[in-house]
Amino acid sequence: MRKKRSLLIGLALAAGLLTGAAPAAQAGPETRPEPRAAAAEPYTWKNVRIDGGGFVPGIVFNRTEKNLAYARTDIGGAYRWQQTTKSWVPLLDSVGWDRWGHTGVVAIASDSVAPNRVYAAVGTYTNSWDPGNGAVLRSADRGATWQRTDLPFKLGGNMPGRGMGERLAVDPHRNSVLYLGAPSGNGLWRSTDSGVTWSRVTSFPNPGTYRQDPDDTTGYASDNQGVVWVTFDESTGTPGSATRTVYVGVADKENSVYRSTDAGATWTRLPGQPTGLLAHKGVLEAAAGHLYLAYSDTGGPYDGGRGQVWRYATRTGTWQDITPAADASYGFSGLSVDRQRPGTVMVTGYSSWWPDTQIFRTTDSGAHWTRAWDYTSYPDRSNRYTMDVSSVPWLTWGAAPQPPEQTPKLGWMTESLEIDPFDSNRMMYGTGATVYGTEDLTRWDTGSPFTIRPMVKGLEETAVNDLVSPPSGAPLISALGDVGGFRHTDVTQVPGRMFTQPVFTTTTSLDYAETSPNTMVRVGDLDSGPRIAFSTDNGANWWAGQEPPGVSGGGTVAAAADGSRFVWSPAGAAVHTASGFGSSWTASRGIPAGATVESDRVDPKTFYGFKSGTFYVSRDGGVSFTARATGLPVSGDVRFKAVPGRGGDIWLAGGAAAGQYGLWHSTDAGATFTRAAGVEQADTIGFGKAAPGAAYQTLYTSARIGGVRGIFRSIDAGATWVRVNDDAHQFGWTGAAITGDPRIYGRVYVSTNGRGIVYGDATG
């Protein structure tokens, strides 16, 4: 899970139900983004290339226009496929700080009547982690620009059950009508004016009952997963008139599928349906009159220990169990039909983690199935496919597993698989780390190997915890959630591998020795440790260090200016110091556990710490600390850094809106701090090459200055600031890390919470 900050919304009256009944709740009319100041200096923004790195729970092809497809991510926005470059174009970079939750996309719908129109249901969490409500975004230019209607409830793009869907659907005959399945007991919603206003469908009888863990006090796993997919039967309508038959999936193990045959006026539970499971997907092959359903015993996307696949005959009302692996210990999802080849269906064993995910295919409507891989003589496997990850080589995870595991894996969390409705040879599917696909899928049916490759270029979905740009060697080293981190020798190219030896699930902090940049340290989370690693070749290779007793997580770490020692503030233990490469750790005195630690960039014996409003300084290499300045922010996230080449020069950013919040500067090693004038709020601070003619390094911050939230730059030691991003490039929440480049004036690297690492260069 990854969580960040806030937004609030308002409500207004909206249109009523199609039936004319008074709605119980409504959303609308439309709200528009608030006007904001333009960038003071033009910048060009791009992604540092990683290619993927997170869960892609939904892929949607338009049914009437070839090569028009969209992908949604759980925390990193939505994307449109660009066929000419075979890459994805980000669509939600305009989402700003105050509405960061709208980078979580729980559903996306492409209009088959008017292909320029696309809709996205957005919101990241339904519990308190995201205080703001969800919204439906609508675009008439394929996501280039958006209008927004706020909802009177939250949506959960990063909640349990996010791989089920799609929760949002456009009527294929009367495209002004849309349906939205809501979580948290909020039922089924409908718009009759192309998404401008929304009303609850009061005649829909079941808002869902399934909760992953009813006892979870955080509200994350205890939320009702709600109404989870909507499917229209296009054979029951004519252009301009609302489709009469609509199927809806509900997170209720006893009543998972409902149907309306009067354009949504009334609804009934589909009789004879299987019970004891949740229908993750419902996909209709209208010409044949077959509704296919993929079931699991949980909402996913991580878990699922049992599942089934069923076929429902819409004309006769008969059900057929067509489960491809009756003894499977996983759930099914990733359901798709081939629109060019009736009876061809594919489905995934989405929750099969070991030894791999599984993909099934039938060409006779489920009478017979074949698998993507089978055992020959255990543990040996025979694959119908070959994997080519040369374009994203880190997908091997640097692993050398024993059979039956293989690397790269076919995938995991494979909740979305789609066959191109215009091309039976093209298929894409999302995993927990990438989008894979093939362009020779029909070779499966002839017994010839087909090739699976990453189809993820342009889709960047990592959550960034820390960034450093050393004065020599690789220009960027990153600490990331879920995929550890990377050493980029060229930010325009995908790295060959992630950090290994060890591979952290999440890297929480890293540092380099300022005067000896080949010496590096990183710390992170790993179930059984070790949780610290060192490098003496600028991060190209690493080895695991030892850790003091009690460590449970990475925390923060600092390297002495000359690389002679390290100070580590891990989760679960006190702050410790070690000379050399951490073979023996000593608990530091005078500083509380959990403090954030950094090093002076000139004096190798000076280290700094901060916690709860107090700044600490050590002059003996971290053996002992002394409390210095007080009166700094006592709540909220606080980050600080020392300026390279200037001993005792420190900048500190952070706080909370309810207390102190801003940017402070010290030139006496933390004895005193002065608040930077005009900076109303600040969350990060970083340094880059000084401007031509300037003596002081360029400052960068994610901040609010002059009432405007953005990425700001100062070339005069904080006396004045200019905004360097614009409203089209806000990237949601950017409060974890920022750094300039010590070799390129004007370049800044910015963290995001799900859109990877972005970097900006001054256009001039």
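Guide: What follows is an account of one surface patch and the aromatic contacts connected with it. The model is a predicted one.

The patch is nonpolar, covers about 590 Å², and is made by Tyr302, Trp353, Trp354, Tyr375 and Tyr378. Of these residues, Tyr378 is found in the loop that runs between β27 (373-375) and β28 (381-383). Tyr378 has a relative accessibility of 53% and is therefore classed as exposed, because the exposed class begins over 50%. Tyr375, another member of the patch, is partly exposed, with a relative accessible area of 36%.

A search of the whole structure finds 36 aromatic pairs. One of them joins Tyr375 to Trp373 in an edge-to-face arrangement, with 5.3 Å from centre to centre and 90° between the planes. Trp373 counts as buried because its relative accessibility is 6%, and the buried class lies under 20%.

Arg381 lies over the face of Trp373, at 4.1 Å from the ring centre. A second contact of this kind involves Arg522, whose charged end sits over the ring of Phe504, 4.7 Å from the centre of that ring.

Elsewhere, ring pairs link Tyr179, Phe204, Phe232, Tyr258 and Trp267 into a cluster.

Note on methods: Residues are numbered from 1 along each chain as its sequence is written. This is a predicted model: local features need pLDDT of at least 70, side-chain atom pairs count only at pLDDT 80 or more; totals for chains, interfaces and linings use all residues. Side-chain values use heavy atoms; hydrogens and water are left out. Patches are made of residues with over 30% relative accessible area and no salt bridge: like charges are joined within 9 Å, nonpolar side chains (Val, Leu, Ile, Met, Phe, Trp, Tyr) within 5 Å. Accessible areas come from the Shrake-Rupley method with a 1.4 Å probe; for residues, only the protein chains shown count as cover. A salt bridge is a side-chain nitrogen of Lys or Arg within 4 Å of a carboxyl oxygen of Asp or Glu. Helices (H or I, at least four residues) and strands (E, at least two) are DSSP runs, numbered from the N terminus. Buried means under 20% relative accessible area, exposed over 50%, partly exposed in between (1.4 Å probe, protein chains only). Rings of Phe, Tyr and Trp (its six-membered ring) pair if their centres lie within 6.5 Å; planes under 30 degrees apart count as stacked, over 60 as edge-to-face and the rest as tilted. A charge sits over a ring if NZ of Lys or CZ of Arg is within 6 Å of the ring centre and within 35 degrees of the ring normal.
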